[in-house]
Every structure is written in structure tokens, then in C-alpha cells.
Amino acid sequence: MIASVRKKRIGQLLCEKAYLDDLGLNTALERQKTDQRRIGDILVELGHVSQDELHEALALQAGIERVDLTDISVPGEVISLVPAELVSKYNVLPLSRDNGRISLAMTDPFQPQVIEDIRVVTGCLVKRYYANPSDLENAILKFYGSNVARMLDNLAPAEHRAEAEEQLEGIDFSPAKLHELARQPSLVNLVNLIILEAIEARASDIHIEPFESEVKIKYRIDGILVEQSPSSKKLHAAIISRIKIMADMNIAERFVPQDGHIEFTGKNGRIDIRVSTVPTVWGEALEMRLLDRTASLIQLEELGMADVTLDGWAKCLNKTHGIVLVTGPTGCGKTTTLYGSLRKIYRPGVKMITVEDPVEYQLDGINQMPINPKRGLTFAQGLRHILRHDPDIIMVGEIRDRETADIAIRAALTGHLVFSTLHTNDAAGAVTRLIDMGLEPFLLASSLEGILAQRLVRKICSHCREPYEPDENLLRSLNGAVNVGHELRLYRGRGCNECLKTGYSGRVGIFELLRVTPKMREVIGHKPSIEGILRAAASDRLDMVHDGIAKVLKGLTTPEEVFRVARTIEED
């Protein structure tokens, strides 16, 4: 049977499996007369078959057996042979080991580098099996994911399960025992998979929170916490200890907050992880902030600013001196906006220096200084030293106190263009906040050039985006901001695997720019109220709510997202 299959051409096999019709095959064969590539590659390029369908047919042609992963059981000692990093990177699953040979389920069995890497890591020859992609993905999550049953199976072979449970009972381990447990291959795999799953899900943060009977694991995806399968409380100390070892933290200290750093290699390259622990009544809670160094920085034009806002912001960036602020809560993209702005105005003839906490991305041609409070290097100290280096443009990561604000304002008054961020709720609130810090209103009025307030809203998933008819209540809500009719067509995400059933994927900014006009300078100089500042604002000012509604009408986001963010603006 296998011999007869091997004699069949790949196009014939694809047609027999109903992945391809005769018309598509003939089109590809015609293309092959002038294009000397393999017929399978041409079929994929033309869109007649998928890469997975081609791999399945090639495996059948090569006589590689197909494995059913539906109810498969893999021993813990086999799982521990292949690290989670390789499983995720190559999309493979070890099945069994026998007589120096390891069986491997793969969606693409024709990658020599994968076979060689697995052979080197395991010390075994590799026997290939073809597996359906979705079945393999589920099986990888089953055997390498983060729930307790899977973990206990992996900590030891099945006959030692009771011993493993007894060993992990409670959290009162000695440092020596914690070090021992944290280096077990199965625990290493578990922690790596928690991180890798978060990276795959585009998470910005991982939260590990202990409670009385379980440990909750949550990923922050597009600004929203998404709870994953919980882990047993028995595993809490071992998981935390493993992460502490990776972050070079004190494994024996559990009652004092600690900070650490991990350099983790993901599928696409290096991920920087900032780790923080705090003691709670049920043990240490841990948070990991993921920073993908391989991700490209977003261009200023890609942030989602309306044309009027972008034009006004560009005028602020092209000032020769003064202070320009970006405001909003933590995690609203202020640093991304500043980085995009600095890249926009960078040129070799201008010296630009930043002082940041921490330096999130490295910008070519720009001197970047990370602050180090433990050694006395604060924003204020860093800013003082920066001024001795003859800069033209300065970026201060955040204005946190009067000292930093005072130095920044005086730098702006002495011919420097200064960028910074401030934790205020809207653009006008930045003025009153700086005056409340103790700055002289007349100095602020002379130096301030523009304030950009922003928030992030989730974008509708492009894979499951669909139109719908808004109900009366929603229309009334929208009519409070813009005039819309019953013929209005809105969009929402139905929910699919690509967006983890949320209907959203990615985020876009909504913005409000307050440019400082001569009229506003006069108002600021007399210690104004927020209402007074807004009355003096330029007539073309677009506030965040209206900017969000405009993005709803374009089909980028949903009214619910804008109202969710708008509520925080109003409450602020």
C-alpha cells in the first residue's frame, strides 16, 4: 500500500484528499513550465492548497505514518526529554522512547534541522510521525501547559506520583529543597511554557497569584486580564522559586518585595522580562512584564491619531525649545508615543539624550540613560547631568516630583526641547498638576508647548469582524457625542481562535491634543481651572471621546470599548 502511494504524484494525492481540484492542478502545472520550482510550492503560492495540506500529502507520499493524538498518553519521562522551548519553536511533540529511538509527532516532518536538534538534545534517533496541526496544538497544551494534573504527571513517572504530591505538600521548603525542585526538568518546562504561552497570546504581563487552595495564572492581553487554567497550591513555591532563580533573585526571602530581570529566548528572538514579587497572606504573588525586543517600534503615523491631531502634534515636535508632555495612566502607550516622536524628528545634526526607567527600546543615534535609584541616580539627578552634555533634545521618562519638573521647565526655558510624561487624566489636568507640584504658573506658561492625552482601546479582530445593527440604547448613547442615524452600520468581533474568542486583537490609541496658544499662555499664567484652560483651547481640538467615536464609525473598534475607556476618563 505504501509503495503504491509513493508512486503517486503530489498533485494526484492532493486531489484524492479533495484539497485540490483538477482546474487548480492544471493551472499550477502550466505555471511550472516557466517556473522550475516544485509543484507543491507553486500550489501554495497560488493559494490552491495550504501549507499544512501540502505537508500532509508529502508525508503520505513519503510513507510517514499519521498519528492520532486524540486520546494519546505520553509518559512524564518522555515529556521531560524535550524542553518546552524546542516544542514551541518547532511545533513537535515527543510520543515515546524505545531502544534509543524517540517517536516525534510533527506537522512538517521534512525539516532536517529539527530532527538534528531533537537528536542532540535527547541523545536518541528520531522516528517521524505526521500529526494534524490542530490536534498537535491541543496535545502540546495538554502535556506542556500549566494545569496541575499535567504538572504532577510530569514531575515524576506515574508510579512516583504519590511521592511527588507528598514532596510538594505546603510551601514551607528549605532553600536547598527549593533549589532542587526548581531545577527539575519538568518544572523548568512548566515555567517556560507559561512564558511561551503568554508570548504567543501577545500578553504584556503574567500574574501568578496564590490563594488558599489554588494558584491563579493570568495573562494581560490587550490591556485586559485573562485567567488561565489554575495550578495547585502545592506547586506554588516551586514555580515562584524557579522564576526567582531565572531572575537572579533571593530564593530564601519570601516576606520582602523583590525585583529581578530575565532574558528569555522566545520563538522569534529575545524577550526581556521584569519580575516583581510581593508577599501576600497566601504566599508570594509574582508579576512578570514582557518586553519583546524583536518587535519593531511603531511609527508615529501608525499610532492612530486623527489628521488634525497628528498635524498639531507635528507642530509641537518641530519647536526649537519648550516642554511637550504626554499624559495618561500606566500602560496607555505614552512611552511608545514618545519613542515614535523622537524617531520622527531624529537627524544626525541634533544631539538627543533620554533618561528612562527602564530603557524599553534602544533607539539608534540617541543616548539613553537608565535611572538607578539604589545608586542615587534619579530622574532629577539624571536630568541635571544630561544638561552638561550639550543636548538639543531631552526626553525625561516621567515627571514624578517637583524637583524633576522644575529642572525640566528650566531646561525648556534655556533653549532645549524637552519631552516627558505625566500621570494625569486628561491634557488640561497636566497644567493644574504641575502648578500643584509647586511650579510657578508664569514659568509654565512661558515653556509649555503642547500636551497630548491618550488611552488605548482594543481593535476588532480582523479574522472574525462582522457588521451588526446597533440597538436603540446604543444609538442614543452615540447621539450624545455625534449625530448618527438608524442606517448606521457598526462592526464587532464574533470571536475566533485567532483572538482567543474575545472578538478583539491588538489596540489603537485615542488622543486629545492641547496646543498652547498665546491666549492659553495668558490663562495659564494666572493659575487657571481646568474649565478655563479648555475655554482657551484651539477651536480644532478633538477630545478623546470624539476621537474614539470616530474610530467606531470607521469600524476599528466598538462603542463598548470607547465607553469603557471614556468612563475612566470621566471618573478620573
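Student: T122, buried or exposed?
Tutor: T122 counts as buried, because its relative accessibility is 12%. Buried means under 20% relative accessible area, exposed over 50%, partly exposed in between, with a 1.4 Å probe and protein chains only. This is a predicted model: local features need pLDDT of at least 70, side-chain atom pairs count only at pLDDT 80 or more, and totals for chains, interfaces and linings use all residues. Residues are numbered from 1 along each chain as its sequence is written, and side-chain values use heavy atoms, with hydrogens and water left out.
Student: Which helix is T122 in?
Tutor: Helix α8, residues 112-122. Helices are DSSP runs of H or I, at least four residues, and strands are runs of E, at least two, numbered from the N terminus.
Student: Which backbone atoms does the T122 side chain reach?
Tutor: The T122 side chain reaches the backbone oxygen of I118 at 2.7 Å. It also reaches the backbone nitrogen of C124 at 3.2 Å.
Student: And what does T122 touch, leaving out residues up to four places away in sequence?
Tutor: L81, V82 and I102. Contact means heavy atoms within 4.5 Å.
Student: New topic. Which elements each supply at least two residues of the lining of the largest cavity?
Tutor: α15 (307-317) and β19 (504-515). A cavity is a set of points on a 1 Å grid over the protein atoms alone where a 1.4 Å probe fits but cannot get out; lining residues have an atom within 4 Å of a point.
Student: Which residues line it?
Tutor: Among them are V308, T309, L514, R515, D540 and R541.

Conventions:
Polar contact = N/O pair within 3.5 Å; in protein donor to acceptor, adjacent residues only side chain to side chain. 1 Å grid on protein atoms, 1.4 Å probe; cavity = no way out; pocket = protein on both sides within 12 Å on 5 of 7 lines; lining within 4 Å.
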